[in-house]
Amino acid sequence: MNASVPAASRAPQASVSGQIRVMVVDDAVVVRSLVSRWIEETPNLQLVAALRNGREALEQFDRTRPDVVVLDIEMPELDGISTLPKLLERRRDLVVIMASALTRDHAEVTLRALALGAADYIPKPTTEGGVMTSAAFQRDLIAKIQALGHRPRTRPLPPRYARRSEYATTRKLGSAIQRTVKWQTADESDGPGLKLRPYSLVPPRVLLIGASTGGPQALTKLVSHLDAVIENSPVLVTQHMPPTFTTILAEHLTRAGAKPVREAVDGEPVLAGTIYLAPGGKHMKVARRDGTAVIVLDDGPPVHFCKPAVDPLFATAAEVWGSWNLALILTGMGSDGTVGAAAIAAAGGSVIAQDEASSVVWGMPGSAAQSGACSAVLPLDQIAPKVTRMFLGAKP
């Protein structure tokens, strides 16, 4: 492939059924060529354009009709953050993945892009040579394109699933309890369905949150409505993110809520009134030392290709706090959090998963919900009210 000649210079063919049409926009010829080749070598992906900047992307957009755009941040003539809203104006359900360097400035711009409607981001190796040799970059980029490109363009709530969500939010009402039992029994005998378990009878005292793709947007909405919980309880969050990005995320979340959010420090005590965010490149765990719960930062290998990962936090929290835990699994790719959710449930705690309709990707929450570890599957806007009621002692 001649990297200087965009694929869009060829008239786009009708995409094969099930294929994802991908546009690559990056001013670095090596990166553009390499990413284009990866896409062309992946059976369910179709490269429709490989372009140098945002101006070319806008000019070629209507003709190439991409489903997914991989958009670099720094480009001549029209950069990524300026191009993003113009692309989304052309197609509201367009999936845009921002390609970002691991710098503070790029982290700031990337989080701004997510707030403007980008679906996700991909951290780029620091050099073009790094892009060429990084198997992780190739794996993660293709996985994100596939997961986000195949998500439903419209997200209606299936009737069977809508019943289950309704049950989770009305369960505290006496008349709903009988219906809950009836639906769950029917699911067990009628085929596949979510098996929801009873909530813990113990009011929660610690809130745990795990998230990945779409997580920064979800966390921003969530923390602004959890003041009553944070006032009297510690909150520990693992968001799949690299170093520097978690620093910026903590600053953004602090501005979104009334309580401080900061990257956790190894050995510090876990106290009410603070949201502890796992720093990029370290697993955040907890342990009990001299009777006090403390943060443990672990530099061990990635879990589910992620570092930080959710499972180490949930699993160790189950050991330290047992039935006091309430864990939330928010939007994200993969299955991280499912093993930890099982540990939370086995220790007597409760788990709530975000529902499919409000998730960017229903990988992590869907995996946990289907495992039988969850007590509810809720839309994002119903999670904070439910959590607040539970921490204030109301029956689930």
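1. By class, 9 nonpolar, 7 polar and 4 charged residues line the second largest pocket. For the classes, Ala, Val, Leu, Ile, Met, Phe, Trp, Tyr, Cys and Pro count as nonpolar, Asp, Glu, Lys and Arg as charged, and the others, Gly among them, as polar. This pocket holds about 380 Å³ of space, and of its 20 lining residues R151, Q217, K221, S358 and V360 are the closest to the centre. Helix 9 (residues 215–223) gives the largest share of the lining, 3 residues.

2. Some ground rules: this is a predicted model, where local features need pLDDT of at least 70 and side-chain atom pairs count only at pLDDT 80 or more, while totals for chains, interfaces and linings use all residues. Residues are numbered from 1 along each chain as its sequence is written, and side-chain values use heavy atoms, with hydrogens and water left out. Helices (H or I, at least four residues) and strands (E, at least two) are DSSP runs, numbered from the N terminus. A pocket is an open set of points on a 1 Å grid over the protein atoms alone, where a 1.4 Å probe fits, with protein on both sides within 12 Å along at least five of seven lines; lining residues have an atom within 4 Å of a point.

3. Now the largest pocket, with about 830 Å³ of space. R139, D140, K144, F305 and C306 are the closest to its centre among 32 lining residues. Strand 5 (120–124) and helix 6 (135–149) are the elements that give two or more residues to this lining, and helix 6 gives the most, with 6.

4. How many aromatic pairs does a search of the whole structure find? There are 2 (ring centres within 6.5 Å; planes under 30 degrees apart are stacked, over 60 edge-to-face, the rest tilted). W38 and F137 are edge-to-face, 5.8 Å centre to centre with 65° between the planes. W38 sits in helix 1 (residues 29–41) and F137 in helix 6, so the pair ties together parts 99 residues apart in sequence.

5. The other pair, Y121 and F245, is stacked, at 5.1 Å centre to centre and 15° between the planes. Y121 belongs to strand 5 and F245 to helix 11 (residues 245–256), so this pair links parts 124 residues apart in sequence. F245 is buried at 0% relative accessibility (buried means under 20% relative accessible area, exposed over 50%, partly exposed in between, with a 1.4 Å probe and protein chains only). Y121 counts as buried too, at 5%.

Key. Points joined across faces, edges and corners; volume = space filled by probe spheres on them. Phe/Tyr/Trp six-rings, centres within 6.5 Å; stacked < 30°, edge-to-face > 60°.
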